Amino acid sequence: MGWEEIARAKRVSRDNAIPSEWQLRPGQVPEEQLNVFEVPAECGILTARELKITETDADVLVQKLLNREYSSHEVTLAFCKRAAIAQQLVNCLSEIFFDTALEAAQQLDKEYAATGVPRGPLHGLPVSLKDCFPIEGTDATIGYTAFANARTTEDEEAEITKIMRESGAILFCKTNVPTAMMSGETYNAIYGYTSNPYNRSLSSGGSSGGEGALLALRGSPLGVGTDVGGSVRIPASFCGLYSLKPSAGRFPTLGLRDGMEGQETVRNSVGPMANSLAAIELWSRAVLKSEPWMSADPHCLPIQYRDVEVPKKLCFGLLLDDGIVKPLPPVTRALLQSKAALEAAGHTVIEFHLDDPLYTDNLKYSLYRSAAADLVHKILTRTQEPWPRGMEMLEAMINGDDKGRATVSELWEAQTKRTEYARRVLKAWVGTKTRTGTDREIDALLMPCTPWPSCEKYGFTYDNYTSLWNVLDYCATTVPVTHVSLAKDVKPEYECRNEAEESVWKDYRPESLIGAPVAVQLVGRRLNEEYLLGVTRVCDDAVGASSF
């Protein structure tokens, strides 16, 4: 079959997995309705009890499951129904296996009733996953028609998938991604575009954009994505979620389908996304409790989850502008709002600047992007699928333009330069000790996640606020802070400094972003995830984002 026929068949198969009684009535939600956040609660498909279940955070749900206030079957059923509604609103799902999930939940309930012993730290909790996680009986297309209709066998499942199931999680759906997972937005030739539920004219981010949109609509209590350039943090930011991008090696990645398979210069990482920070901690503890370094993944570092004590007085570095692309007014407002809240809570915030912020951006093609051109072309050719929008530079390489293509020698040179730059950033970070007033370096760096609160569709152009920390392998989190405001986020007079900045600022109108969440990013030292989560909780409490 050609790519168009394959894509059509995959969409029909997915859509047919939604029972008719869970489908919205024709015209029930007008196409022109941008904000669909309240639709799941108002559409009449969910019962009052199911609404209560789906609006409960993951950590609380696990306790209620353990206390037998809810059964896993009824919790899973509620989220299956809400995920089905979310799919019809924003096109966020790629694989639906509700029936399998409900059977697994029913079996877990029987086991718990008979033994009284919980399956694990995620006992009975439905968990959604990004499309790249191979799960038995489903495809992992990562947006390619060439990978459709190749069902994963039990032996082919990703190690992290097995760990979550062994920890008691009920896996029930997978979520949409951009082609090859190489974009800050989510669209592909199979499933099309995944919109932002707060404003359907906007992006849900990428490459874990389907996950972000589903979680924002409470179609899942806990989701898992991957991040090699911002792919967890960008959608979490655009969709008003908490997330963790760990350093490479903290959580297993063995067995994932990768858009840049074999590329290890900038290592991929698996990270959780959720509506609460407690859910992020729950997942992190659960995975590390399984000791994945013992058998699951040879690249996984033998580091248990570490309980840390966060000092009462903290000092945050603040980066308002990387010197290349100044964030739009809603993002700057969220950063200053966070700064004021932290200072009011007794913490210190000091300025932090990046030396040569585009240094790593200039290395990206040498480090990992140039090799992607050949790989993407090879896979697209299998079904004669056209090059996706946004990959014009890679397509040009295939068509004879060698600009940006790197040799092995150039790769080695880029890695050497990367290490030198990492040393410079580390020196600047450690050097803050003389300015913090705590006798420590900064506890975390508060900064934008992207220049936008969310970008308009097909408008994503700049990822250096996130990808920098993948290249340097620092850990990072996101914290939702506020929403775009017509009154507070007016466009100022501003003269752009370069083309990259112009592409972000030229069409800025707060009315076009109305309803969009606004989040901030917190960055921590490499392999310091537990401490960063503790610091993130302090920030979240100060900002009051728990009521977001």
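A search of the whole structure, which is a predicted model, finds 4 cavities of 30 Å³ or more.

- Methionine 181 sits in the loop between β3 (170–175) and β4 (187–188).
- The phi angle of methionine 181 is near 55 degrees, which is a positive value in a residue other than glycine.
- Methionine 181 counts as buried because its relative accessibility is 8%, and the cut-off for buried is under 20%.
- Serine 207 belongs to the loop between β7 (199–203) and α8 (209–216).
- The peptide bond that leads from glycine 206 into serine 207 is cis, and its omega is near 5 degrees.

**Second largest cavity**

- Around the second largest cavity, the lining residues are Thr54, Thr56, Asp57, Ala58, Phe79, Arg218, Ser220, Pro221, Ala274, Asn275, Ser276 and Ala279.
- These residues of the second largest cavity divide into 5 nonpolar, 5 polar and 2 charged.

**Aspartate 439**

- Aspartate 439 is located in the loop between α15 (433–436) and β13 (444–447).
- Although aspartate 439 is not a glycine, its phi is positive, at about 65 degrees.
- With a relative accessible area of 66%, aspartate 439 is exposed, since exposed means over 50%.
- Methionine 181 also has a positive phi, but methionine 181 is buried, whereas aspartate 439 is exposed.

**Valine 471**

- Valine 471 is part of helix α16, which covers residues 464–472.
- The relative accessible area of valine 471 is 3%, so this residue is buried, as the limit for that class is under 20%.
- Valine 471 and alanine 487 are 16 residues apart along the chain, and their C-alpha atoms are separated by 37 Å.

Note on methods:
Residues are numbered from 1 along each chain as its sequence is written. This is a predicted model: local features need pLDDT of at least 70, side-chain atom pairs count only at pLDDT 80 or more; totals for chains, interfaces and linings use all residues. Side-chain values use heavy atoms; hydrogens and water are left out. Helices (H or I, at least four residues) and strands (E, at least two) are DSSP runs, numbered from the N terminus. Buried means under 20% relative accessible area, exposed over 50%, partly exposed in between (1.4 Å probe, protein chains only). On a 1 Å grid over the protein atoms alone, a cavity is a set of points where a 1.4 Å probe fits but cannot get out, and a pocket is an open set with protein on both sides within 12 Å along at least five of seven lines; lining residues have an atom within 4 Å of a point. Grid points are joined across faces, edges and corners, and a volume is the space filled by probe spheres set on the points. Ala, Val, Leu, Ile, Met, Phe, Trp, Tyr, Cys and Pro count as nonpolar, Asp, Glu, Lys and Arg as charged, and the others, Gly among them, as polar.
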